[in-house]
Amino acid sequence: MKPYLAIFNLRMINGLQYRIAALAGVATQFVWGFMYIMIYEAFYHGFTGTQTISLEQLATYIWLQQAFFFFVLLWLKDNEIFDSITSGSIAYELCRPCGIYGFWFAKLIAHRLSGTLLRCMPILVIGFFLPIPYRLSLPPNFLTFILFLVTLLLGLIVVISLSMIVYVSVFVTMSPIGSFLIFSVVGEFFSGLMMPVPLMPIWLQNIVYILPFRLSGDLPFRVYSGNISTNDAIIGILTQILWIIGLIALGKVLLTKMLKRVVVQGG
Amino acid sequence: MKLYLRYLEILFKSQLQYRASFILMTIGQFFVPLVMFASIYFLFEKFGQIEGWSFFEVALCFSIVHMSFAISVCFMRGFDSFSKLVVNAGFDRLLVRPRNTIVQVLGSNFEFTRLGRLIQSTMVLIWALLNISIEWNAFKVATLIFMLIGGIFIFSGIFILGASLCFFTVQGLELINIFTDGSREISQYPLSIYKDWVKNFFTFIVPLGIINYIPLMYLLGRGPYNDILSMLTPLIGIVFIIPCLYVWKFGVSKYLSAGS
């Protein structure tokens, strides 16, 4: 475990260096957040049907998505890993006295965590002080807040174990960009980043609930905004754990299979 | 012009070298706006309308904005990734050649894979037009074409402006994405659904309102404005590129090489 923690620390420190980039990211996130809320406000205006999520809850949902963007975004790739596979420098990594799965896993978690730490605070703080339809509200009670934190962290692990499978697939395709683009576009749709899951038609929601993507981008934020009850949240946590076990097992099996076949050329 | 075509030919060949990746990338680019469009469709399924606009009217707006964005990003990719040229001082090489810098930067990259985007939005356009009853006449056809042209110029102007900033900051700024992607996202809905300050910003500063709102009202026969005037407003978009080119020129004159 120790070498993985060391990698994690190293990557954290490294990631925290990019403050200016993070600031630009925060500005982008703000514009996006405002834009989405404004669009939904216009949709809600003059709408008389039953609401599956109130506008205030929706605003909270959107701000949290923006604040924890680095936790949920699938289009976030570690080019070093891609390069090491395509260029063959993976040979060095295989020489290291620690498992490559854990090595990459620690690296990816640190990348996302450092990115989020730099970005989330300004969005959360300003979000709390915005005027009403735009405000990021507090969670209904302390228990939901705890549940939110648990689902958020488990969601992060789901995202990473999912993307590990994509990284492993590069061993086959050798050119990551195209397949990665399709994976992230489709995945982000099913995780509720393009449109909030509660606003989707029922048949689509049923598909979304089967897939693992919403466990990171949708579940934690709906738990926080009070759109999901405590019971459902606990069921959600169990689903997350099951998916994590399944995805990590699958990723490890695929990786060992690929590594058996791997041929590194040249010296 | 001949030079530019030659550039394109070479770029096209080089991008086709990785055929599988090229195809997957084009398909991926087809999916990006498709997923956005799907979410708009589902939102309308739930809400029915947005501030009095129906689904197909918004689809029309969406397709025009995305078509002009796709075309402009194809051509302007060199400007979009311009920070690389500045950081590795590749721009020095362009400066010593006896040709216009703009043609060379334009020719430095061309994204053929973005055609996937164009195909998707063209399909949306056709679908929307089949479902809206517009009393067509020559003016309206011209308006539609002018909207596209105006849009292409406005987005291109934003790309050039973003690239010009690299002269001063050296590093590429993620901030410029707010203006490129952000204005695309915002203008895929008719501007009238937004708050006034957003409307004003996108009418007077980045003039997307003149391609997405005024002519759209005219096409749908709702505009309070004069026919000829509404038809010609999108062309103001072409004027937008002039100050952008001046900023570019100014940037080139202030350019300090990053060395090596």
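Which residues in H2(B) meet which residues in H3(B)?

1. Helix pair in chain B. B:Pro33, B:Phe37, B:Ile40 and B:Phe44 in H2(B) meet B:Phe55, B:Val58, B:Phe62 and B:His66 in H3(B). Contact here is a C-beta distance within 7 Å, with C-beta atoms placed from the backbone. Helices (H or I, at least four residues) and strands (E, at least two) are DSSP runs, numbered from the N terminus.

2. Geometry of that pair. Helix H2 (residues 19-47) of chain B and helix H3 (residues 55-80) of chain B have axes that come within 11 Å and cross at roughly 165°. H2(B) is therefore roughly antiparallel to H3(B). The axes are lines fitted to C-alpha atoms over the stretch in contact, and angles run from 0 to 180 degrees between N-to-C directions. Angles under 35 degrees count as roughly parallel, over 145 as roughly antiparallel, 65 to 115 as roughly perpendicular and the rest as oblique.

3. Basis and confidence. This is a predicted model, in which local features need pLDDT of at least 70 and side-chain atom pairs count only at pLDDT 80 or more, while totals for chains, interfaces and linings use all residues. Residues are numbered from 1 along each chain as its sequence is written, and chains are lettered from A and ligands numbered from 1 in the order in which they are written. The predictor's confidence in each residue, pLDDT, runs from 0 to 100. Chain B has a mean pLDDT of 83, with 97% of its residues at 70 or more. Within chain B, helix H4 (residues 82-87) is lowest at a mean of 76 and helix H7 (residues 115-131) highest at 90. The model scores are ipTM 0.83 and pTM 0.85.

4. Contact between the chains. Chain B supplies 32 residues and chain A 28 residues. On the side of chain B that touches chain A, the elements giving two or more residues are H2 and helix H9 (176-186) of chain B. H2(B) gives the most, with 16 residues.

5. Chain A overall. Chain A has 13 helices and zero strands. Its radius of gyration is 20 Å, close to the 18 Å that the globule rule gives for 267 residues, so chain A is as compact as a globular protein of that length (taken over C-alpha atoms; the rule is 2.2 Å times the number of residues to the power 0.38).

Methods
Contact = placed C-beta atoms within 7 Å.
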